[in-house]
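Take a first walk through this structure.

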Amino acid sequence: MILDLILIGFGNVGQRFVSLLDEQRTTLARQYGISPRIVGIATRRHGQAFSARGVDVAKVRPKPDTTYPSPPTYSSPPYVVSGFSRTVNRNAGDTLAFLRDALRKSRVAARERRLVVVETTTLDVNRGEPAASYIRTALAAKAHVITANKGPVACAYAALRRAAARADRRWLFEGAVMDGVPVFNLVRETMPAVKILGFRGIVNSTTNFILTAMEQGHRFEDALAEMQARGIAEADASLDIDGWDAAAKTAALANVLLGARLTPAAVERQGITPEAAARAIEATSRGRRLKLVARAARQPRGVTARVSLEELAGDDPLAQIEGQQNAIILSTDLLAEIAVVQRGGGLTQTAYALLADLVTIGRAVTASAATPRRRRRARRG
């Protein structure tokens, strides 16, 4: 089955996703019966491309993203697709117009449930825009949507979930939190009848890396520069160090797992500064660790959430999280506490989350197509 993909955003994550599709093409075809075909790409800096027969990805060349001091390292090179339009896409209106046109040209694939919009644009912590508008537009045109953007989940989860239900299409976002670790899928698919009471975790790789580095005597600025060079830090580094990225992830987790209606602004927030180095070193000298911890819990009057620096006991599972590692501990009514730890995170893991969501959609489409045939055979019998 051919799945037609329209990519909205083509930065580090989007480029790694494309290379991962190539690397896993045989597995996707043999094990899942999926043949992804990129029919459209829209980027902020390099323009737009569309072809109903598939954008030519055979003629590609490595091109580093100049957002960072040095290019990030991939298991295979990032892609820049030839054949982009000369008009560079510089605003959300251009992208939205392109998306609407691409959706119109792909209406047959949409009708057959084979059209998927892959959204990987920059995080907006205030309203989740323009990503939320891209998702809403795609769903209205009967396209499935997958995203690694936590903004729409943090700012417009309830409305977009309703839009997906009305369209009878999937909106999946496993890559929004903890890269490729299946937190949302874990709860949705494998924990029926379990109620999530709350969670706590380390959900921002950049700040945890910086805190770990400062414990070892490294400068705040050097550690941040390394995260930027690896392509891990947000394009606007203040989103990481001021705690906004963690707040957005906390709101997203609370909205999905706890049924909250939070936005990042509603999450009590604290970031990290170079001055935290002294606290981190002093805590380590006493066998403790300073961590930026995200928390949310059900309360009688609703869900409360915060992101703050906490000094943890040395035997706390979160105290063991080093460098770029992430972890989340779910508190439940029937299974007590469940801890999920990501020992290594990065662009490949985030791109994998998009790939996993694509496979989920492919399975659903295959099952939906097979159901009418089974019913017809049952009636004949």
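How many cavities of 30 Å³ or more does the count come to? The count comes to one. A cavity here is a set of points, on a 1 Å grid over the protein atoms alone, where a 1.4 Å probe fits but cannot get out. Points are joined across faces, edges and corners, and a volume is the space filled by probe spheres set on the points.

Before going further, note that this is a predicted model: local features need pLDDT of at least 70, side-chain atom pairs count only at pLDDT 80 or more, and totals for chains, interfaces and linings use all residues. Residues are numbered from 1 along each chain as its sequence is written, and side-chain values use heavy atoms, with hydrogens and water left out.

The largest cavity has a volume of about 40 Å³. Its lining residues (those with an atom within 4 Å of a point) are Leu172, Phe173, Glu174, Phe184, Asn185, Arg188 and Asp357. Three are nonpolar, one is polar and three are charged. For these classes, Ala, Val, Leu, Ile, Met, Phe, Trp, Tyr, Cys and Pro count as nonpolar, Asp, Glu, Lys and Arg as charged, and the others, Gly among them, as polar. Helix 7 (residues 183-190) gives the most to this lining, with three residues. Helices (H or I, at least four residues) and strands (E, at least two) are DSSP runs, numbered from the N terminus.

Thr360 and Leu172 are 188 residues apart in sequence, yet 8.9 Å apart in space, C-alpha to C-alpha. Leaving aside neighbours within four places in sequence, Thr360 is in contact (heavy atoms within 4.5 Å) with Arg170 and Leu172.

Six strands form an open sheet in the order 3-2-1-6-7-8, with mixed pairing. Two strands pair if DSSP finds at least two bridges between them. Strand 3 (48-50) and strand 8 (171-172) stand at the edges with a single partner strand each, so one side of each lacks a neighbour in the sheet. Strand 6 (residues 115-119) and strand 7 (residues 144-147) run parallel, joined by four bridges. Val116 stands opposite His144 in strand 7.

The axes of helix 5 (residues 131-140) and helix 6 (residues 150-167) come within 10 Å and cross at roughly 5°. Axes are lines fitted to C-alpha atoms, for helices over the stretch in contact, and angles run from 0 to 180 degrees between N-to-C directions. Helix 5 and helix 6 are therefore roughly parallel (angles under 35 degrees).

Note on methods
Parallel < 35°, antiparallel > 145°, perpendicular 65-115°, else oblique. 1 Å grid on protein atoms, 1.4 Å probe; cavity = no way out; pocket = protein on both sides within 12 Å on 5 of 7 lines; lining within 4 Å.
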